[in-house]
Amino acid sequence: MGKVVDGVGGVRADSLLLSVAEHLKVPLTTIARQAELGQLTGQAELIDAAAIRTQAVAALTLVDSYLLGLELMSKQASLELEPVSVSSTLVDAAHDLEQFARQYRVELEVSIGGKFGPVMCHPNGLRAALLSLGFALVEAQASQDMQGPRRVVLATHRTPLGIVAGVYGRYEALNSERWRAALGLVGTARQPLTNLMPGSGAGLFVADTIMRSMNAQLRVGRYQQQRGLATTLKPSSQLQFV
Amino acid sequence: MNQIVTDGIILSRTDYGEADRILTLLTPDHGKLRLMAKGVRRVKSKLAGGIELFSVSTITYVKGRGEVGTLVSTRLVKHYGHIVEDLDRTMLGYELIKQLNKATEDHPEPDYFNLLHRAFEALDDFSIPLDLVHFWFIAQLLRLNGHTPNLQTDVDGHKLQAGALYEFDFEAMCFRQHPSGHFGATQVKFLRLGFTDHVAKTLMQIKGITTLLAEVAPLVQKIQQFYKH
Amino acid sequence: MAHILLIEPNTVLAETYTQALQHVGHSVVVVTGAQAAVDAADKQTPDIVIAELHLPGHSGIEFLHEFRSYTEWTDIPVVLNTTLTAAQLAPGVNALHRDLGIREVLYKPRTSLQDLVRVAREYIAAVA
């Protein structure tokens, strides 16, 4: 049923749509309930307009990222990649995630592990993937049944295989086996990554679809004793940024 | 004290007194056991790993004077952890445990333990569709309870014919030939396989299983309902 | 005034629900997961539990299975407020009502704050 976006290891288009649709119930419900608060209490000042805006932005970003993912996968064979600065993209994504993380009382950090040149990728794709990942993992971090500080790190560092960019936090239950199993469960199980997040995890799978179009699918990674999902990108030999 | 060691699957737990709980377990060799687990209430780790639901453990216990023995120790043998990753599977698993608990009010044979164990294995395997697990379980439970329908001959005692169509006669618990019947050779063969002693995954080999399940699962559920009343 | 245990993994949504329930005079404890819910109920017995089924880690079903196994919690009303639709819950809904003592299932996207407050009030009053 439906178009197969990527027959090898990725998520089917119809399953991804299901996942996105399920996820959107949450921010839209949050917006609806916030809007009602003034009416119920007679105190319009209780309505948190910033919260409504942040939830709407997160939901719209997911929709846009999902559509971008479909577009990039359909063009995969002829995708034009450009040199992109990972650190700048990371910083921009963190800026866009800031309000959302604050709303969820999750500390957001950016860690740039050294100076390195640009990578070859689709510029909008990398940004959309990091945002989708970020929104999903911030929400997941906030929902974890655990004690202690809640923190999410957007980090990039160099490895022998390339430049790694990812989103990390205290996700003890996340490992490669679970992630691989989850990719196969999207559209079948309502909570493909039940130990990580209560919902469909749409943001994670949308991010993976985008990066998969560049042959840079997400993998479970570790950064400074934290776990998360990351992509590995090849450095560009075309241009060197200082 | 004579300690007995056996495998067990927990069917239910209830409080007893201030600090204890009574566990009801299904075992292969000792039927259904009720054991007192002393001092286990309000233990903080009670949900950690979810070891009690959908698990097989090796238990050591001592027989009591009455119906309730005393649990000495447990060791987890296998936890079917994937079941709880999916709410639908969790709900079905929970329902199957309840059904089996009810069906084994008297002294159950080892086959009931094996059935529940196999049910956990099937639920834990996401490649096996949930409705298949449900169909298979009901058929197996009916079989163990001695309620396998007659899938060989019709109400008149004639062998079921390959080209004929049938409807199911609940009073006679067998098929009755009917010109516009809903069941033919394919459905009957599938039912026969469903009621044979094997694991759920065996049924996955059947072609057109989704359609077949839609056709025969309601029948099997109705048969189960028939025996409940 | 009643004490409500709210099991809601989305902390922003949880805050909105809390404000609404507190506005009508209830005290609310919010938890995001099953273990925290058991611990919270242990600390202060709730008059009613409002729970999402989709939780990180252990599901709402596991929580209820544990919760209902304690005799002093057997009769506490539990209302589900979940993103699961009635159709999605249909196969197990009898078990939910019969065995796990769910009084009502609310479909979260369509349940207004007013509905939630009303339902909570109904079941709290029924027990009082």
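Is Arg105(A) buried, partly exposed or exposed, and how many C-beta neighbours does Arg105(A) have inside 10 Å? Arg105(A) counts as partly exposed because 14 C-beta neighbours lie inside 10 Å. On this scale a residue is buried if 20 or more other C-beta atoms lie within 10 Å of its own, exposed if 12 or fewer, and partly exposed in between, with C-beta atoms placed from the backbone.

The model is predicted: local features need pLDDT of at least 70, side-chain atom pairs count only at pLDDT 80 or more, and totals for chains, interfaces and linings use all residues. Residues are numbered from 1 along each chain as its sequence is written, while chains are lettered from A and ligands numbered from 1 in the order in which they are written.

**Backbone features of chain A**

Arg105(A) sits in the loop between α3 and β2 (107–113) of chain A. Helices (H or I, at least four residues) and strands (E, at least two) are DSSP runs, numbered from the N terminus. Although Arg105(A) is not a glycine, its phi is positive, at about 60°. Gln224(A), also a residue other than glycine, has a positive phi near 45°. Gln224(A) belongs to the loop between β6 (219–223) and β7 (226–233) of chain A, and it counts as exposed, with 10 C-beta neighbours inside 10 Å.

**Helix packing**

Two helix pairs are set out below. Axes are lines fitted to C-alpha atoms, for helices over the stretch in contact, and angles run from 0 to 180 degrees between N-to-C directions.

| Helix pair | Angle | Axis separation |
|---|---|---|
| α3(A) and α4(A) | about 30° | 9 Å |
| α1(A) and α1(C) | roughly 20° | within 9 Å |

The helices α3(A) and α4(A) are therefore roughly parallel to each other, a description used for angles under 35 degrees, whereas those over 145 count as roughly antiparallel, 65 to 115 as roughly perpendicular and the rest as oblique. The crossing of α3(A) and α4(A) is right-handed; a crossing is left-handed if the near helix is turned anticlockwise from the far one by less than a right angle, and right-handed if clockwise. The residues that meet include Leu90(A), Leu97(A) and Phe100(A) from α3(A), and Leu130(A), Phe135(A) and Val138(A) from α4(A). The contact of α3(A) with α4(A) comprises ten nonpolar, two polar and three charged residues. In this classification Ala, Val, Leu, Ile, Met, Phe, Trp, Tyr, Cys and Pro count as nonpolar, Asp, Glu, Lys and Arg as charged, and the others, Gly among them, as polar.

**Contacts with chain C**

Two residues are in contact if their C-beta atoms, placed from the backbone, lie within 7 Å. The contact between chains A and C takes 30 residues from chain A and 24 residues from chain C. On the chain A side, the elements that give two or more residues are α1 (13–41), α2 (49–74) and α4 (123–143). Of these, α1(A) gives the most, with eleven residues. That side of chain A divides into eleven nonpolar, twelve polar and seven charged residues.

Chain B also touches chain C, through 17 residues from chain B and 19 residues from chain C. On the chain B side, β1 (3–16) and α1 (87–103) are the elements that give two or more residues. With eight residues, α1(B) gives the most. By class, this side of chain B has seven nonpolar, three polar and seven charged residues.

**Organisation of chain B**

Chain B has five helices and eight strands. Its domain assignment, which comes from an automatic or database source, gives domain 1 (3–82) and domain 2 (127–228). The C-alpha centres of these two domains lie 36 Å apart. Along its principal axes the C-alpha trace of chain B spans about 65 × 35 × 25 Å. Buried residues make up 34% of the 229 residues in chain B.

Asp154(B) lies in strand β6 (residues 150–154) of chain B and is partly exposed, with 18 other C-beta atoms within 10 Å. Leaving aside neighbours within four places in sequence, Asp154(B) is in contact with residues including Leu160(B), Tyr166(B) and Arg176(B). Asp154(B) and Tyr166(B) are twelve residues apart along the chain, and their C-alpha atoms are separated by 8.7 Å.
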